[in-house]
Amino acid sequence: MGARPFTVAIIGGGFSGAVAAIKLLDTAAGRPLRVRIIEPRPEVGRGLAFSTADPAHYLNAPARLFSVHADRPDHLVHWLKVQDAAADIPLPASGQIADAFVPRQLYGAYVRAELARAQAEAGVNGIVEHLRAEAVDLAVDPAEDGTGGVRATLSDGQTISADVALLATGFAGNRPGFAVSESAVADRRYVADPWTLADQGVPREGTVLFVGGGLTMLDALVTLERKGFRGTYVSVSRHGLLVHERREPPPARDFLGDAHPGSARALLAHVRRELRDIAASGGDRQSVVPIIRARIASLWSGASPAERARFNRHLRRYWELALHRSPQPSVETFAAVLAQGRVTTRAGRIEAVGTAPDGRAEVQLRPRGGTRTENVAADLVVNCTGAEYAWPRQQGRPLAANLLARGTVRPGGLGYGIDVDADAAVLDRAGIASGRLYGIGPILRGTRWESTTIAEIVAQATAFADHVADRHLARRAPATSPSRASAA
């Protein structure tokens, strides 16, 4: 009789969960492994980001940066060529797929293909189960003698067990803190989830008001343009800023060196000096982004709670605009709309969305720095504020509420996500690291800050798989495995 497979429950089957499963299967190297992916969506690997129904929603960086294998950066490009996907991708001036922006739908297919490949290569020693339900609770047995484990309660009434569990719950849609009238929702004048725009009717003219000015807003605008909207747009955000076009200049010099700036103010001073030097030499401001990004984890971990709060309050939006820039096809659509004079930006805060006497939406807007609200009429109001990272504020997620209430987890920095140690092991209310429960992806926002992009998540998944292999699978005798097929 073969050895009992070591079982990992992955709570969430979006990108983070799927890549973790791929890395686990590849790292197990023939040792018996069962991966249970708890995901209510019909397909594992797509999640919120890659489930979009709009083929004009693109990854926001070139294909050469999105391999799920850090040691094979050309893997996605090779897969696209094998799939003969050039017809589905707008090629850039270079004519190279490596420099192209890939539709997110297609990228989701790539992730799913890699999961199928990893499962096939693992053969009988790699069992993958997709449980189409939501995890609503999790009980952890702290025993470390081999008898402990994890029990997950699912929304369909099942209870499943595992040796360890990985929290890969991904993004939760942000619900802004303003009142929305029942009539605005019933009349579909207010859209809480911008990703539903592709599947619903939209007006042909009038005014669409976006709450937010980042990449989510741009995706919503692209969808509306494709569906024939030819009216005007108003983007309302705290600072009145809009998403930046992505360019790929060579990285700047390492202007931070070995010094830790020590404060958000000092970091800003360093960046401003470098930007002045770049401007004087005719360089590109975006060249500083890779330098800061390479240091962001250490800068964040070394910052005090007060400095983290100061960064979050004053600099977060500028950093996010610098890092999360727009793909070229979307830029072209946006530039055309701007040239037509159809976009207005407002700096301020939405206080309420109701219904005007004429049946349109009526938005109460407090301009930035102002003391009085003004009413702005719109035919459609779309929430484009992005993700909610704070677990206590995530609505409709019983797992988060249960784990927090019981003290199995504690919030991360600034209340974002959950707290973990260097191995991504979850810390409980008392600060004790679990040997059975781990985290990955957006829920690590509070402890690692940049934990939402492909590169960071691939690195986290690889580290988790290595940790499981070294700590758990190494204790088990290798099983005989069938011959492994070559990777794409």
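Predicted model: local features only at pLDDT ≥ 70, side-chain atom pairs only at ≥ 80, totals over all residues.
In helix α1, the residues F15, S16, G17, A18, V19, A20, A21, I22, K23, L24, L25 and A28 are buried, that is, under 20% relative accessible area with a 1.4 Å probe and protein chains only. Helices here are DSSP runs of H or I with at least four residues, strands are E runs of at least two, and both are numbered from the N terminus.

Residues are numbered from 1 along each chain, and side-chain values use heavy atoms, without hydrogens or water.

Helix α1 is thus mostly covered, with 12 of its 14 residues buried. Those buried residues pack against β1, β2, α3, β3, β7 and α13. After α1 comes A29, with a positive phi near 50°.

Where does α1 contribute? The largest nonpolar core has 54 residues, and α1 gives the most to this core, with nine residues. Such a core is a set of buried Ala, Val, Leu, Ile, Met, Phe, Trp, Tyr and Cys residues joined through side-chain atoms within 4.5 Å. I10, F15, L24, L80 and Y107 have the most contacts inside the core. Beyond its neighbours within four places in sequence, L80 is in contact (heavy atoms within 4.5 Å) with A63, A85, I89, I97, V102 and L106. Another core, of 26 residues, lies apart from the largest one and includes V150, A152, W391 and V426.

Key. Buried < 20%, exposed > 50% of the residue type's maximum accessible area, 1.4 Å probe, protein only.
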